[in-house]
Amino acid sequence: MEISSKENTQLFSNTILLVDRSSFKSESSTSKEKQSYCGGIKVFLGALSFVYFAKALSGSYLKSTITQIERRFDIPSSLVGVIDGSFEIGNLLIIILVSYFGAKLHRPRIIGAGCLIMSAGTFLIAMPQFFMGRSPVHSVSRCEKEGGSSMWIYVLVGNLLRGMGETPIQPLGIAYLDDYTVEENTALYIGCVQTVAIIGPIFGFLLGSLCAKLYVDIGFVDLDSVTITHKDVQWVGAWWLGYLLAGMISVLAGIPFWFLPKHLPKPEGRKDSSTSSEQSEFITEDNKDHQKSYQQQVKIAEMAEDFLPSLKNLLGNPVYILYLCASIIQFNSLIGMVTYKPKYIEQQYAQTSSKTNFVIGLINIPAVAFGIFSGGLIMKKFRINVLGAAKLSLGSSFFGYLLLLSLFAMGCENSDVAGLTVSYHGAKQMTDYDQALYSECNSGCACSKNDWDPICGENGVTYISACLAGCQASNGSGKHTVFFNCSCVGTLESPSQSSSAVVGPCQKGNECPKMFLYFLVISVITSYTLSVGGTPGYILLLRCIKPHLKSFALGIYTLAIRVLAGIPAPVYFGMAIDTTCLKWGSKRCGGRGACRLYDSSALRYVYLGLTLVLGTVSIFFSVAVLWVLRKRSSPQDETLSANGERGTCGTKSRKANFVNSDHLIQTPYWPEKETRL
């Protein structure tokens with residue numbers, strides 16, 4: 001009996017020891033897995049943020065060089081719009097394949113390969129500078145160098161490659177981040193990524209400001225021989241220099257992705273469920289589709305067979321379709337506005353390219369970054385659900401475009417340009433501009449109306465050239481030249497007395513600097529307001545679709561934005577802006593070149609009018625999204641107390657409603673998961 005008792009005691013002790021060891025191993029394993037998860041997702045978050053920074057820097061730098069490219073290749077705004085839209089064309093070519101098949105493959109490495117392609121395209125954009133001749137200021141022969149203007153094709157192809165390389169970053173990167181993060185942190189992480197991405201344009205526009213001050217042929221010519229300054233409308237900055245730097249940054253951004261794993265360990269709360277409770281509200285298919293393992297290895301043929309059903313599922317989701325329509329129209333508005341904002345500031349407020357890029361990079365872009373981050377912070381702080389995200393996104397758009405309306409009153413009048421905006425006798429010009437360039441005061445000078453070498457008369461009027469101003473003599477050289485005996489300059493006040501003029505156009509009216517300051521203030525507030533809705537919009541997009549279709553849905557979303565907004569918006573905005581041109585330049589061998597002078601009032605109404613009309617239409621679609629969400633959600637979803645916590649109709653009642661409703665998917669329930677955004 002004693003032996004039996006001892007054996008039982010020993011057996012009991014061994015059992016306890018085994019249990020303790022097993023428990024210890026389990027805790028140790030859990031601890032290691034948690035550390036692996038935390039480390040892996042943070043590394044990916046950092047890498048994704050940096051690659052967003054890299055692509056945003058090169059993209060914004062392209063925007064900052066729009067006017068420089070236009071002048072360098074002597075092309076109209078509509079053609080510059082085609083070049084800008086080539087990025088979206090490149091994205092379009094492979095977005096479906098990357099977003100759908102890429103979700104089944106090694107997503108980090110696909111992103112890394114995209115970075116290499118993106119850098120190659122960025123380098124290619126800079127190549128024309130090394131292939132074509134020097135700037136027209138230094139070109140001795142006139143027509144043999146004209147073929148260099150076709151070098152803009154290199155810029156177009158390079159930008160197209162940039163678009164192809166950028167393709168996997170958004171759909172695969174955001175979906176990978178959402179798959180391996182706790183749902184309550186998703187909004188904050190996406191906000192962080194987008195905030196870092198906005199820092200890219202800050203550096204991009206500041207780099208554009210610096211390069212715009214440097215002469216285009218720096219390192220190739222003697223800068224002392226340059227006869228113009230960066231304030232002159234003919235000035236072309238070293239636009240190509242920034243692309244070399246941006247290409248190197250893109251190469252560095254892709255390196256970390258080659259060392260990241262295909263999968264990360266999922267956080268504790270998401271191991272037993274593949275869908276969130278909020279997602280289940282708006283997904284109305286049977287639960288059997290979710291039994292498929294998202295991470296299983298499948299053959300290419302099997303993936304192809306599932307393509308059409310997946311596409312049908314997305315197109316049958318009313319929330320997704322309405323939000324997609326709202327986004328397409330809003331991005332038409334925003335892309336057109338951002339693309340030509342530097343040109344608008346230069347032409348409307350007579351600012352240099354360098355100052356324009358500096359102001360946008362240092363003042364406007366930080367407001368956008370702060371707005372996007374604020375949106376993510378608000379989502380997390382107040383635990384806003386999908387319905388609240390839709391309201392926040394709609395509100396930011398409504399008040400943002402309402403503020404934009406006030407910019408119509410903050411414009412400058414046209415500069416006084418003899419023969420274009422005013423006659424040589426001081427009256428406002430209302431007739432045929434080309435015929436009005438000639439007057440009695442310059443009739444004996446045999447001047448060309450195609451020249452554009454503006455000078456400023458002492459009467460405050462700009463003349464297209466010294467010849468058309470009737471100038472007979474000059475003193476000095478280059479940028480310090482002063483013209484004398486200008487018969488047309490004296491016709492406004494003292495017709496019998498000729499006067500002098502200096503190189504460069506005259507400054508706009510005294511009210512223009514004040515209007516520019518008002519424009520900057522309203523523009524910053526508007527940018528912040530519109531950006532607050534960015535992160536809530538992303539959350540709405542992610543939560544209205546099934547988990548295994550996230551990458552595909554984001555890919556379709558990106559594709560639609562590229563095709564229906566990114567490609568056409570710069571083109572038709574550019575064509576509309578071209579209609580406001582008062583004076584077209586001429587190429588050296590004939591043919592129309594870039595616009596030299598715009599009608600300020602017409603430019604303001606066209607640029608701001610297009611932006612506002614498109615923005616207003618997008619708001620109507622956003623209202624429809626909110627209406628559908630309200631119709632599908634239960635009353636309990638909107639019951640929040642003042643401190644952001646759910647009221648009495650909280651978790652239990654919601655759980656019962658979730659399980660028993662016929663139109664909802666019965667997946668494992670996570671307590672209070674719907675509030676952890």
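**Figure 1. Overall confidence and composition of the predicted model.** The mean pLDDT of the protein is 78, and 76% of the residues score at least 70 in this predicted model. Residues 15-37 stay under 50 in pLDDT, and the model gives this stretch 10 contacts beyond four places in sequence. The pLDDT is also below 50 over residues 144-148, a stretch with eight contacts in the model beyond near neighbours in sequence. Where pLDDT is low, the predicted coordinates should not be read in detail. The protein comprises 23 helices and seven strands. Of its 677 residues, 55% are buried. When contacts between residues at least 6 apart in sequence are considered, 79% of them join residues at least 24 apart.

**Figure 2. Contact of helix α14 with helix α18.** Helix α14 spans residues 341-349 and helix α18 spans residues 512-532; their axes come within 10 Å and cross at roughly 155 degrees. The two helices are therefore roughly antiparallel to each other, given that angles over 145 degrees fall in this class. On the α14 side, the contact involves Lys341, Tyr344, Ile345, Gln348 and Tyr349. On the α18 side, Cys512, Met515, Phe516, Phe519, Ser523 and Ser527 take part. By class, the residues of this contact are seven nonpolar, three polar and one charged. Tyr344, Tyr349, Phe516 and Phe519 also belong to one aromatic cluster, together with Tyr607.

**Figure 3. The loop residue Ala350 between α14 and α15.** Ala350 is located in the loop between α14 and α15. The phi angle of Ala350 is near 55 degrees, a positive value in a residue other than glycine. With a relative accessibility of 38%, Ala350 counts as partly exposed.

**Figure 4. Contact of helix α8 with helix α15.** The axes of helix α8 (residues 183-213) and helix α15 (residues 353-381) cross at roughly 175 degrees and come within 8 Å. This crossing angle makes α8 roughly antiparallel to α15. The contact of α8 with α15 contains 20 nonpolar, 11 polar and three charged residues.

Figure 5. A pair of aromatic rings is described by the distance of the centres and the angle of the planes. With ring centres within 6.5 Å as the criterion for a pair, the count comes to 20 aromatic pairs. In the pair shown, the ring centres of Phe408 and Tyr605 are 5.9 Å apart and the planes lie at 25 degrees, so the pair is stacked. The pair links distant parts of the chain, its two residues being 197 residues apart. Phe408 is in the loop between α16 (386-404) and α17 (433-436), whereas Tyr605 is in helix α22 (residues 600-632). Phe408 has a relative accessibility of 22% and counts as partly exposed.

**Figure 6. The enclosed helix α7.** Among the buried residues of α7 are Ile169, Leu172, Ile174, Ala175, Tyr176 and Leu177. The buried residues also include Gln170, Pro171, Gly173, Asp178 and Asp179.

**Figure 7. The loop residue Asp74 between α2 and α3.** Asp74 is found in the loop that joins α2 (66-73) and α3 (77-101). Its phi angle is near 55 degrees, which is a positive value in a residue other than glycine. The relative accessibility of Asp74 is 13%, and Asp74 therefore counts as buried.

Figure 8. Ala446 lies in the loop between α17 and β1 (455-457). At a relative accessibility of 76%, Ala446 counts as exposed. Ala446 and Cys467 are 21 residues apart along the chain, and their C-alpha atoms are separated by 8.2 Å. Thr481 lies in the loop between β3 (473-475) and β4 (482-486). At a relative accessibility of 10%, Thr481 counts as buried. Apart from neighbours within four places in sequence, Thr481 is in contact with Ser474, Asn475, Gly476, Val502 and Val503.

Definitions and conventions
Residues are numbered from 1 along each chain as its sequence is written. This is a predicted model: local features need pLDDT of at least 70, side-chain atom pairs count only at pLDDT 80 or more; totals for chains, interfaces and linings use all residues. Side-chain values use heavy atoms; hydrogens and water are left out. Axes are lines fitted to C-alpha atoms, for helices over the stretch in contact, and angles run from 0 to 180 degrees between N-to-C directions. Helices (H or I, at least four residues) and strands (E, at least two) are DSSP runs, numbered from the N terminus. Angles under 35 degrees count as roughly parallel, over 145 as roughly antiparallel, 65 to 115 as roughly perpendicular and the rest as oblique. Contact means heavy atoms within 4.5 Å. Ala, Val, Leu, Ile, Met, Phe, Trp, Tyr, Cys and Pro count as nonpolar, Asp, Glu, Lys and Arg as charged, and the others, Gly among them, as polar. pLDDT is the predictor's confidence in each residue, from 0 to 100. Rings of Phe, Tyr and Trp (its six-membered ring) pair if their centres lie within 6.5 Å; planes under 30 degrees apart count as stacked, over 60 as edge-to-face and the rest as tilted. Buried means under 20% relative accessible area, exposed over 50%, partly exposed in between (1.4 Å probe, protein chains only).
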